[in-house]
Amino acid sequence: MKYVVLLAEPDHHARWTAMSDAEKQAVFDTFRAFDHELSARGGKVLGGEGLASSDSARTLRPAPDRVITDGPYAESVEQLGGFFVVEADSADAVLEAARVMPETLSIEVRLVEGTVE
Amino acid sequence: MKFMVLLVGTEGGWDTVTPEQRQEVMDAHIAFHQAVADRATMLAGEALAESSTARTVRHVDGEAVVTEGPYAESVEHLGGFYLIEADSMELVLELCRGLPSSYTVEVRPVIAIEGYEDTRDWE
């Protein structure tokens, strides 16, 4: 099955820009560890991206107005910092593998529609 | 430049819409795919299962704890996304106007992460 893995934490962008290169490398090491842990459970990372700060987002609002506003669709304490798309046999496998990623993160695992769990 | 397009809306509506309305939504996505192919590049896109089916892992006092539900409680939920390569955010926003008008659509630039080039190329 395919899953989307969302990585979020409070004040993500501020934390990220305050990190040294060494600290960032340590975070990337955990992403590689996630990849490794997932493979060990028969899964696979298909892709992933880091997102710019939510300040840089622009949002198209729904009908009838359909105006474009600056910023994310909702201000929230936890900001989405990045995501992966993975293949795995179960959400449990993904959640277990995700534990190696930084402890400040909330990591959501969501099934992609059209795949049966 | 790459952009993440987040499709946000209220859930539970899919079961209550008419077949005609469902077809309209599907047609809008098909047209969107075509418009993106014509004027930009579609890298990835998925519809997501309902947010109530999500599970979220957090660390509490050093222990990994899994809870039911998405990471953020909100009225509107993430229902899907697209990942698009395009010349500008303005172009992406313009293309997004073709998506169903009931959606809230957030467009966010993707950052190039220095020091981490292992990301798979969207197989």
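**View 1. Chain A of this predicted model, with its 3 helices and 6 strands.** Helices here are DSSP runs of H or I with at least four residues, strands are E runs of at least two, and both are numbered from the N terminus. Going from the N terminus, the elements of chain A come in the order β-α-α-β-β-β-β-α-β. The C-alpha trace of chain A spans about 45 × 40 × 20 Å along its principal axes. A word on bookkeeping: residues are numbered from 1 along each chain as its sequence is written, while chains are lettered from A and ligands numbered from 1 in the order in which they are written. Since this is a predicted model, local features need pLDDT of at least 70 and side-chain atom pairs count only at pLDDT 80 or more, whereas totals for chains, interfaces and linings use all residues; side-chain values use heavy atoms, with hydrogens and water left out.

View 2. The peptide bond from A:Ala63 to A:Pro64 is cis, with omega near 5 degrees. A:Arg66 sits in the loop between β3 and β4 of chain A too. Check the backbone of A:Arg66: phi is near 50 degrees, a positive value in a residue other than glycine.

**View 3. Where chain B meets chain A.** Counting contact as heavy atoms within 4.5 Å, 54 residues of chain B touch 52 residues of chain A. The area buried between the two chains is about 5000 Å², with 57% of that from carbon and sulfur atoms. Buried area means the accessible area (1.4 Å probe) that two parts lose on being put together, summed over both. B:Arg55, B:Tyr71 and B:Arg108 supply 15% of the area that chain B buries against chain A, more than any other three residues.

**View 4. A salt bridge between B:Arg55 and A:Asp92.** These two side chains meet at 2.8 Å, N to O. The rule (a side-chain nitrogen of Lys or Arg within 4 Å of a carboxyl oxygen of Asp or Glu) finds 4 salt bridges across the interface of chain B and chain A. Across that interface there are also 23 residue pairs in polar contact, both at pLDDT 80 or more. A polar contact is a pair of N or O atoms within 3.5 Å; within protein, one must be able to donate a hydrogen and the other to accept it, and residues adjacent in sequence count only if both atoms are side-chain atoms. On the side of chain B that touches chain A, β6(B) gives the most, with 8 residues.

**View 5. Strand β2 (residues 44–51) of chain A alongside β6(B).** The two run antiparallel, joined by 2 bridges; strands pair if DSSP finds at least two bridges between them. A:Leu51 has B:Val110 in β6(B) as its bridge partner.

**View 6. The hairpin of β3(B) and β4(B).** These strands pair in the antiparallel sense over 6 bridges, and B:Thr56 has B:Thr67 in β4(B) as its bridge partner. There are 2 residues between the strands, and B:Asp61 in the turn has a positive phi of about 50 degrees.

View 7. For the complex, the predictor gives an ipTM of 0.92 and a pTM of 0.93.
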